[in-house]
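This briefing covers selected features of the structure shown below. The points are grouped by topic.

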Amino acid sequence: DTTEYQSYCYVDGTKAYDLLLTLNTHDNTIRDFADTTFWTTSTMYGSATNNPLVNEFKGEAFTRRKLENELMISVQRSGVEQARSTYNVLSTFQSKSLLEVLTQHTSYTTITSTRTSSHITTSLGLIHNPDRNQQLYGDLFIDHSHAVTVNKIGNHWGSTTASTRIATTLHNTQYGHTFAGLGGYHQYGSWDAHYEA
């Protein structure tokens, strides 16, 4: 596809990354697993020129930009990067956009190798809760090095059911009220949560 489109680009040394999406966890919209308009269509949200690191954003790059060699996941607070991790995209998925990956691989699919780098600018402040029977804590992408997956569906978090659009291969079955990833639904007994990050 050689048609021009507007994108937000992040440059890190000699590498440039197109912004595919931003989830704003402080607005009134929850982009959970069931939000198929957000995750599985080319519908755009926000603008590449209107604070796309602060406001919810899903640009044309989500639909049209091929993943190529590397994927970066970044944690932002008010548009300021707190931490980021990068992953090598597996060759099978390098010629596909994120939309194509999410719609063509509808069950648990690993799309990268394990994390290749991680950079923490500011501590995310995630601490272990010793009152719960679990050893794992922290941010799924920043604090752990497992490969990135899409459409992770099953009971991988000690739950009755869990569905997550973007996650990793990490599993935690030590405590049923644990969940992680981007665009998810988690249910454990009579308790459930719809979440975007």
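Thr-164 lies in strand S10, which spans residues 161-168. In this predicted model, Thr-164 is buried, because its relative accessible area is 0% and the cut-off for buried is under 20%.

**Surroundings of Thr-164**

- A polar contact of 3.3 Å links the side chain of Thr-164 with the side chain of Tyr-195.
- Tyr-195 is also listed among the residues that Thr-164 touches when those up to four places away in sequence are not counted.

**The largest nonpolar core**

- The largest nonpolar core comprises 30 residues, and Trp-39 and Leu-98 have the most contacts inside it.
- At least two residues of this core come from each of helix H1 (36-40), helix H2 (60-64), S5, strand S6 (80-89), helix H3 (98-104), strand S9 (148-154) and strand S10 (161-168).
- Of these contributors, H3 gives the most, with 4 residues.
- Leaving aside neighbours within four places in sequence, Trp-39 is in contact with Leu-21, Leu-23, Arg-31, Asp-32 and Phe-62, among others.
- The contacts of Trp-39 also include Leu-99, Leu-102, Arg-165, Ile-166, Leu-182 and Gly-183.

**The open sheet**

- An open sheet is formed by 3 strands in the order S5-S6-S8, with antiparallel pairing.
- S5 and strand S8 (112-120) are the edge strands, each of which pairs on one side only.
- On average, neighbouring strands of this sheet are turned by 20° against each other, direction ignored.
- The antiparallel strands S5 and S6 are joined by 8 bridges.

**Arg-77**

- Arg-77 belongs to strand S5, which covers residues 70-77.
- Across the pairing, Arg-77 stands opposite Val-80 in S6.
- Is Arg-77 buried or partly exposed? Arg-77 is partly exposed, because its relative accessible area is 42%, and that class lies between the cut-offs of 20% and 50%.
- Arg-77 and Val-150 are 73 residues apart along the chain, and their C-alpha atoms are separated by 24 Å.

Conventions. Residues numbered from 1 in each chain as written. Predicted model: local features only at pLDDT ≥ 70, side-chain atom pairs only at ≥ 80, totals over all residues. Heavy atoms only, no water. Buried < 20%, exposed > 50% of the residue type's maximum accessible area, 1.4 Å probe, protein only. Core = buried A, V, L, I, M, F, W, Y, C linked by side-chain atoms within 4.5 Å. Contact = heavy atoms within 4.5 Å. Polar contact = N/O pair within 3.5 Å; in protein donor to acceptor, adjacent residues only side chain to side chain. Pairing = 2+ DSSP bridges. Axes fitted to C-alpha atoms, helices over the stretch in contact; angles between N-to-C directions.
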